[in-house]
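Colleague: I am new to this structure and would like a close look at one part. Could you walk me through the surroundings of the ligands?

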Amino acid sequence: MTPDVVVDVGNSRIKWGWCRDGRVAEMAAFVHDDPVGWKRQLPLWNLTPSARWAVAGVVPAEVRRLCDWLSSRGFEPQLITNELFFDDDWDEELDGPRSLGFVTRVDEPARIGTDRLLNALAARDRAPDTCSAVALSVGTAITLDFVEPDGTHVGGAILPGPRLMAKSLRDYTAKLPEIAINPVLPTAVWGANTEDAIALGIANAVLGAADQMIWDWAARCAKPPWVFATGGDVGYFRGFVFTADLGGFVIDPHLTLDGIRLAARALP
Ligand SMILES: Nc1ncnc2c1ncn2[C@@H]1O[C@H](COP(=O)(O)OP(=O)(O)OP(=O)(O)O)[C@@H](O)[C@H]1O
Ligand SMILES: CC(C)(CO)[C@@H](O)C(=O)NCCC(=O)O
């Protein structure tokens with residue numbers, strides 16, 4: 001299918017993408033369970049019941065809620081599920097793997113977050129054919145996912161996102177406040193007060209973790225890998241220079257939504 005709207009149900013927010021001319025042209029973000037916001041968005045994008053929707057997400061109850069709402073308004077949302085990326089779907093006619101040219105080889109493919117697979121699929125699609133790719137998402141959680149040049153997703157890493165780090169410092173200490181996250185590349189070498197010290201620590205936890213893991217991945221790649229970054233707090237990486245030699249580094253706020261658009265090609 002070729003969707004008109006793609007939807008990513010994340011742990012903090014729901015993102016809609018309006019697809020035109022073979023790409024995600026516009027994005028709108030909502031809180032969970034926001035039928036007023038959703039209803040207001042429909043006319044802004046001229047969405048009539050003939051619109052085709054592809055929906056993916058990592059919060060099953062919220063995916064169901066949105067799909068029920070869409071159905072009640074006459075839409076027929078199609079779900080993007082992990083099965084699309086399983087390794088056992090050999091196409092006899094093509095004499096090759098599935099039409100997406102992308103499979104995951106993680107231990108339990110049904111358990112992995114669909115958003116991670118979608119980010120990895122979009123990163124694979126954007127990277128040059130002979131280069132491996134990394135998808136980096138900085139949201140509620142931070143995820144890294146690694147893809148070989150032939151479209152094999154081998155696995156990745158998961159760590160708390162910046163807001164979770166800030167919250168946990170407040171929740172599990174007596175003296176630390178919860179700071180507001182300002183996702184920009186830090187320029188300071190130290191923080192001269194508590195808030196600045198926490199902000200600097202979190203920024204470097206985010207940057208340093210990604211930099212180390214991308215270094216390790218690059219060290220085993222035949223050619224410098226490409227890195228594609230997305231997520232609500234991806235701003236930390238604007239202007240960041242990775243230690244590893246990269247083919248390229250691209251910040252793309254639409255990465256997950258575009259992964260849904262690409263994955264939908266495998267649906268009837
Ligand atoms: N308008 C906004 N509303 C809420 N959070 C925002 C907004 N803009 C940026 N953010 C930041 O984005 C983070 C959430 O990122 P994002 O929306 O990518 O996560 P998500 O919905 O949980 O998706 P995922 O589950 O894929 O991480 C929040 O923790 C917050 O710091
Ligand atoms: C890691 C998150 C929370 C990132 O959104 C999501 O991809 C998820 O719920 N994953 C399930 C476990 C896994 O990906 O291995």
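Modeller: Happy to; here is a tour of the two ligand shells and one annotated residue.

This is a predicted model, in which local features need pLDDT of at least 70 and side-chain atom pairs count only at pLDDT 80 or more, while totals for chains, interfaces and linings use all residues. Residues are numbered from 1 along each chain as its sequence is written, and chains are lettered from A and ligands numbered from 1 in the order in which they are written.

Around ligand 1 there are 17 residues, where a residue is near a molecule if its C-beta atom, placed from the backbone, lies within 6 Å of it. Gly10, Asn11, Gly139, Thr140 and Gly232 come nearest. This shell has four nonpolar, nine polar and four charged residues; Ala, Val, Leu, Ile, Met, Phe, Trp, Tyr, Cys and Pro count as nonpolar, Asp, Glu, Lys and Arg as charged, and the others, Gly among them, as polar.

Ligand 2 has Asn11, Val58, Arg111, Ile112, Gly113, Asp115, Arg116, Ala141, Thr143 and Ile158 around it. Two or more of these come from each of helix H3 (114-126) and strand S10 (141-147), which are DSSP runs (helices H or I, at least four residues; strands E, at least two) numbered from the N terminus. By class, the shell of ligand 2 splits into four nonpolar, three polar and three charged residues.

Asp115 lies in helix H3, and an unreviewed UniProt entry annotates Asp115 as "active site"; such annotations may be inferred rather than shown by experiment. Asp115 counts as buried because it has 27 C-beta neighbours inside 10 Å, the cut-offs being 20 or more for buried, 12 or fewer for exposed, and partly exposed in between. Leaving aside residues up to four places away in sequence, Asp115 touches Asp8, Gly10, Val58, Ser137 and Thr256, a contact being C-beta atoms, placed from the backbone, within 7 Å.

Key. Two residues are in contact if their C-beta atoms, placed from the backbone, lie within 7 Å.
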